[in-house]
Amino acid sequence: MADEEIVPALPATSWAVLGLLSFGRELSGYDLKKWSDRSLGLFYWSPSFSQIYSELKRLEKAGYAGSRLVAPEAGSRDKRVYRITGEGLAAVRLWARTAPLDPPVLKHGPMLRLWLGHLLEPERMREVLATHREHAEGMRLRAEADVADAAADEAWTYPRLTLTWAERYYAAERDLADAMLADIDRLERPEGEGPWH
């Protein structure tokens, strides 16, 4: 990397929005929200509409994105669509290649409840884990469907791999909830029925 190549100081949301634009399509704020919900929301977070529009303004001001108004196919209002600029593509490429990688931070509500299991009835702990299992399986199915949808577009090779990672992650969370439920059952066995191990 050349000394003069410094990653611009932008918040993570800017990089996420710019990354969505990096696939070369013109997208409205609504389109960006839809895409982020179906991709980023499965493994990072999905910015709100207000965050997306505020980041689009920031990116335009920085020269990383441009916009234009297009006439609607139906309805009465023009729609603003955004496209990444050459400078924006260079910036997001530099960020993806060189910015320090933040390790994932585990903030896991069900694990916190399990840690406090001594304060809960076993049945309540089972409900917490069963709810988490149901959520994880729902997210896994959503990721699986999005993997199939992404297969139609060659430009989505790496997003498809990321969605596959999300699918595997949620499958693992589902399986961990099942294992924790089995562990709770072992904890409750009477002394003669086998020790906890």
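Angles of 65 to 115 degrees between axes count as roughly perpendicular. The model shown in these views is predicted.

**View 1. Crossing of helix 1 and helix 2.** The axes of helix 1 (12–21) and helix 2 (29–38) come within 10 Å of each other and cross at roughly 100°. The two helices, helix 1 and helix 2, are therefore roughly perpendicular.

**View 2. Contact of helix 1 with helix 2.** On the helix 1 side are Val 17, Leu 20 and Leu 21, which meet Leu 32, Trp 35 and Ser 36 of helix 2. By class, the residues of this contact are five nonpolar and one polar, with no charged residue.

**View 3. Buried residues of helix 2.** In helix 2, the buried residues are Gly 29, Asp 31, Leu 32, Lys 33, Trp 35 and Ser 36.

**View 4. The largest pocket.** The largest pocket holds about 2100 Å³ of space. It is lined by 44 residues, of which Leu 40, Phe 43, Tyr 44, Trp 95 and Thr 162 are the closest to its centre.

**View 5. Lining of the largest pocket.** At least two lining residues come from each of helix 1, helix 4 (86–98), helix 6 (122–150) and helix 7 (157–187). Helix 7 supplies the largest share, nine residues. The lining of this pocket comprises 32 nonpolar, eight polar and four charged residues.

**View 6. The second largest pocket.** For the second largest pocket the volume is about 250 Å³. Its lining has 13 residues, and those closest to the centre are Trp 35, Arg 38, Asp 149, Ala 150 and Trp 156. Helix 2 and helix 6 are the elements that contribute two or more residues to this lining. The largest share, four residues, is from helix 2. Sorted by class, the lining of the second largest pocket has seven charged and six nonpolar residues, and no polar ones.

View 7. In the second largest pocket, Trp 35 is one of the lining residues closest to the centre.

Terms used: Residues numbered from 1 in each chain as written. Predicted model: local features only at pLDDT ≥ 70, side-chain atom pairs only at ≥ 80, totals over all residues. Heavy atoms only, no water. Buried < 20%, exposed > 50% of the residue type's maximum accessible area, 1.4 Å probe, protein only. Contact = heavy atoms within 4.5 Å. 1 Å grid on protein atoms, 1.4 Å probe; cavity = no way out; pocket = protein on both sides within 12 Å on 5 of 7 lines; lining within 4 Å. Points joined across faces, edges and corners; volume = space filled by probe spheres on them. Nonpolar A, V, L, I, M, F, W, Y, C, P; charged D, E, K, R; others polar. Axes fitted to C-alpha atoms, helices over the stretch in contact; angles between N-to-C directions. Parallel < 35°, antiparallel > 145°, perpendicular 65-115°, else oblique.
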